[in-house]
Amino acid sequence: MKILLAILFGGVLLANASYANQSAQEQIVDNVHSMWKAVETNNLKAYLKHIHPDYSVFGESDVYLHQGKDKEAVDYGDYLGRVEGVRTFMHQPQVIIRGDTAWITYHWNDAGYSSGKRFTSRGKATRIFVKEKGEWLCIHSHFTA
C-alpha cells in the first residue's frame, strides 16, 4: 500500500496515511514548493503567506534560533535582495499529520547566483506546520547543510 501511495503522490511517502489525510499531506508538500517558487520569483509576500506569526528557524549556519514572522521577513527580504535564479529540489519527502500539526522531512539541493557568483547547496530539512483557519502554516524550520 505504501509503495502505491508513494507512486500516486510523486514519491511522497505518506506515513500512516488514511484517505482523509491524503489531501493535507499533499498540501504540505505543495506549500513547501510554493515557498520555493516565491524565492524563484523574488516574491517575499508570497513566501510569507505560508509563515506562521510565531515562526522560528534554525538555518544551516545560524548560531541562534531566529524567532517571529517579522524577523523572517527581514532575513528573507535580505536574502532575496542578494540572490537570483534560485532553483530548489526536494528528495525523499515524508509527511506526517497528527491532528492540526504536521511535519515534513526531506533532503534538498539548490543552485542559483549570489552577488553574481554561482552557488549550490544541499542538505536535510524538517518543517513543522500547524493548521489554523483551514490553512497549513509553517511554524518552525530546521535546516542542516
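**The largest pocket**

Mentor: The largest pocket has a volume of about 660 Å³, where a pocket is an open set of points on a 1 Å grid over the protein atoms alone, where a 1.4 Å probe fits, with protein on both sides within 12 Å along at least five of seven lines, and a volume is the space filled by probe spheres set on the points, which are joined across faces, edges and corners. This is a predicted model, in which local features need pLDDT of at least 70 and side-chain atom pairs count only at pLDDT 80 or more, while totals for chains, interfaces and linings use all residues. Residues are numbered from 1 along each chain as its sequence is written, and side-chain values use heavy atoms, with hydrogens and water left out.

The lining consists of 27 residues, and Gly59, Glu60, Tyr76, Tyr79 and Phe143 lie nearest the centre of the pocket; a lining residue has an atom within 4 Å of a point. Two or more lining residues come from each of α2 (19-40), β2 (51-58), α4 (69-82), β4 (83-98), β5 (101-114) and β6 (117-132), with α4 giving the most, six residues. Helices (H or I, at least four residues) and strands (E, at least two) are DSSP runs numbered from the N terminus.

Of its 145 residues, 39% count as buried, meaning under 20% relative accessible area with a 1.4 Å probe and protein chains only.

Methods: Buried means under 20% relative accessible area, exposed over 50%, partly exposed in between (1.4 Å probe, protein chains only).
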